[in-house]
Amino acid sequence: MFLCKKQHVLLLFLLKTLEISAQLSYQAKKKSVRYQGIMNRFEETLPPIDLEILLMDILPRMKSEFNCLAIFMDSYHDTLFQSLFYQKFNFIPNFKILVKDSEDLLSPNFKTLSVIERIRKEGCSTYILLISNAIQVARFLRFGDRYRVIDTRAKFLLLHDWRLFHADYHYLWKKIVNVIFIRRYVNSDRYELSTVPFPVPIRGALVPRRIDTWRRGKFQTNLDLFHDKTSDLQGQTLSVVTFEHVPSVVKSSIPSQNETDDEQGESVAYGGLEIEVLQTLASAMNFRPNLYESVNSASEQWGRVQLNGSFSGLLGEICSGRAEIALGNLYYTPYHLQILDLSTPYTTQCLTFLTPESLSDNSWKTLILPFHKSMWIAVLIVLLLGGFLFYSLANFHRYLEKKDYSKSGASKIEMKVSKENTAINYIKKKTSSFLYLLRRLCVDQKKIDMEMRLHEGTKNIYFNYYKSPQKLTKVKIEKKKKVTISEDSDSIKSQGLYLFESLQNSILYTFGMLILVSLPKIPTGWALRILSGWWWIYCLLVAVSYRASLTAILANPVPRVTIDTLEQLAEDNSVLCGGWGEQNRNFFLSSLDAAGQKIGRKFEDVPNAQEAVDRIMQGRFAYYENIYFLQFLSQNRKVSGHKSNSTNDHQENNSEKLLHIMKDCSINMPISIGLQKNSPLKPRVDRFLRRVIEGGLVKKWLNDVMLVILTEEASLDSEEVKALMNLKKLYGAIVALFGGYVISILALLVELCVWYCFVQRDPNYDKYARDLYYKKAALRQ
């Protein structure tokens, strides 16, 4: 039994020994394989002498012209380039950067960064990276992509290393597609040239696609090493993120080629200007667009910055790499250029405000609306000048007549008296009975005074005749009036001059002619008559123009008070402004003019356009967007208001303001299509868009999109009553009439005050002889 236990222990010992020996042999074999792999990779990266010759053969095969070369190498490959390489390409400017093995190219030092930025500024089209450490190369490419310090659309020559194809770097090879990986076969002088499989999407592991091989100065196939991979995308599917925004993208339920299902499972179709551009671009570049909307696209739209620094909405989809193309009426601004790439602007849009308008603020000014303020000032000045001219001519004509009368006035009066005495004596002898009757009529007459005042008040001739049965004087008696001696043709006071003798009467009659009221008598003097004729012609033209303009104002709808300039919007403190995003607010705050800065200070971030329209209808808000989108909002509001026919809705609409698009554009903003940052598609897309613009297709597609909206708006406007007379349009006449009543009452009160305070308290006033008081007052003046 003891022997059996001893044998059992020995057997276990042997088995354990065999197991240990097997493990040792396995580890030795594993180490040998690993060592062999390391040696193979080391041999691949060895700088053989013929690598310089290979680069000298590759560079001439590039079809594009060289503007400069950027060569990055480590100390291991520094000895490769001898004078032969530089002598062959001495006509090409080049930058050579020696990278230390310990340098982190994700955060390069100042000298390296300054050279990299200079290379970017010069626009070098070829980068040669001969660095054995693939981690350094990958970090350098990440740094260049993040801060755009290298041109990812340039041509790259890199050493082949499987570490470059790690999943963390796959996004780089979707952007850097013009790249050649140089790989030397183990224990051979043959080189393999490969590239990324663009446009084929990378799923799982990245396997480079071999292009050609090179050995001893000869290529196997002589294929184009850097052909344009974006010219034909081979029917690949590209993700396109979008959301509805007129005129770029319009959603409808009509089936189309872009038919898809929304979140609720309903069939929708996309149309619009940018959709037309996308379809044409897909046909030219041979790809299939996959349209979709981001989560909460109705509220997020373009997207906002999150707490972690990422973006939501459309910008979040394009920044994360889930979408290759973004359609959303993107503005060509520095804000967007920092986030993504923008194509060549395909159009410009007027960015303005949707503002409220009023219908009843200026109805009381109906009578003054026919003429502009400057026109009214001109009419008033001409009226005053015309009245003064009539007054001057009348007084000058009066002066001339009095001057002629002063020369022969006294002799004429004496001759007239003698003639009258002779005639009276003759009549006395012949008709005694008539004289007796005439004497009887003058018995009760106390006294007849005849007084005539001559020229300039210097000479007065008084004739006093007293009642006498022996003497009889022929006089002209007027009851309670002054006795004057008049002549038939040569009177002292000419007929018609009394119209313009005083300045107030002259202006009054001049104004009467202006409103087509005829004069009571034609004035004497040809100067006044000629002036009156031309004045009538002027009055006729002014009156006809005023009547025509007033008729048009009364026949048309009530004038609307609108905001049409940025200055008006800035000065109106009761109206706030708003739009999408802080970038629009910053745009106004950074404006150079004072009006733009005032708008920026009261600018609000409004994510929902319909809420903004509701605030505009209340008359306290203005919404900032492109003019086509504002037309779309205005038309939708009109349609919704037209469909509401109930009494409650009608009453609500009466209290709401109308919508008005401001005529003044704050800026004509360029509009572009969004692409991923450093996207390889941008050169091809820009080239295509320039052809589309030159062909006039953008204008045609834009007109097609807006045709439906403008047609519906025109149909709604045609149903409105254009010529409707109501009481509100006569507010101006009522105001003028009421103003006349008020002024008349005030004038009456002033007259009463003068009568009781001044006239009745005058010592010369006699209530039984008021006519004598006024005559004396006139003589004193």
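Arg61 lies over the face of Phe219, 4.3 Å from the ring centre. A second pairing of this kind brings the charged end of Arg304 over the ring of Trp580, at 4.1 Å from its centre. Please keep in mind that this is a predicted model.

**Aromatic pairs**

- The structure holds 25 aromatic pairs.
- In one of them, Phe603 and Tyr624, the ring centres are 6.1 Å apart and the planes meet at 80°, so the pair is edge-to-face.
- Phe603 belongs to strand E20 (residues 603-605) and Tyr624 to strand E21 (residues 621-626), so this pair ties together parts that are 21 residues apart in sequence.
- Buried means under 20% relative accessible area; Phe603 counts as buried because its relative accessibility is 5%, and Tyr624 counts as buried because its value is 2%.

- Ile599 is found in helix H16, which covers residues 594-601.
- Is Ile599 buried or exposed? Ile599 is buried, because its relative accessible area is 0%.
- Leaving aside residues up to four places away in sequence, Ile599 touches Phe353, Leu566, Leu569, Ala570, Cys577 and Phe588.
- Gly578 is 21 residues from Ile599 along the chain, and the C-alpha atoms of the two are separated by 9.0 Å.

**Helix H4, end to end**

- Helix H4 has 13 residues (residues 110-122) and should span 18 Å at 1.5 Å a residue; its end C-alpha atoms are 18 Å apart, which agrees.
- At the N-terminal end, Asn109 caps H4: a side-chain oxygen of Asn109 lies 3.3 Å from the backbone nitrogen of Lys111.
- After H4 comes Gly123, which has a positive phi, near 75°.

- Thr112, Ile116 and Ile119 are buried in H4.
- Seen down the axis of H4, its buried residues fall within an arc of 60°, so they line one face of the helix.
- The general rule behind such a face is that an α-helix has 3.6 residues a turn, so residues three or four places apart point the same way.
- What do the buried residues of H4 pack against? Their partners are strand E1 (69-74), strand E2 (94-99), strand E3 (126-130) and helix H5 (134-147).

Methods
Residues numbered from 1 in each chain as written. Predicted model: local features only at pLDDT ≥ 70, side-chain atom pairs only at ≥ 80, totals over all residues. Heavy atoms only, no water. Helix = DSSP H or I, 4+ residues; strand = E, 2+ residues; numbered from the N terminus. Expected span 1.5 Å × (residues − 1). Buried < 20%, exposed > 50% of the residue type's maximum accessible area, 1.4 Å probe, protein only. Arc of directions from axis to C-beta. Contact = heavy atoms within 4.5 Å. Polar contact = N/O pair within 3.5 Å; in protein donor to acceptor, adjacent residues only side chain to side chain. Phe/Tyr/Trp six-rings, centres within 6.5 Å; stacked < 30°, edge-to-face > 60°. Lys NZ or Arg CZ within 6 Å of the ring centre and 35° of its normal.
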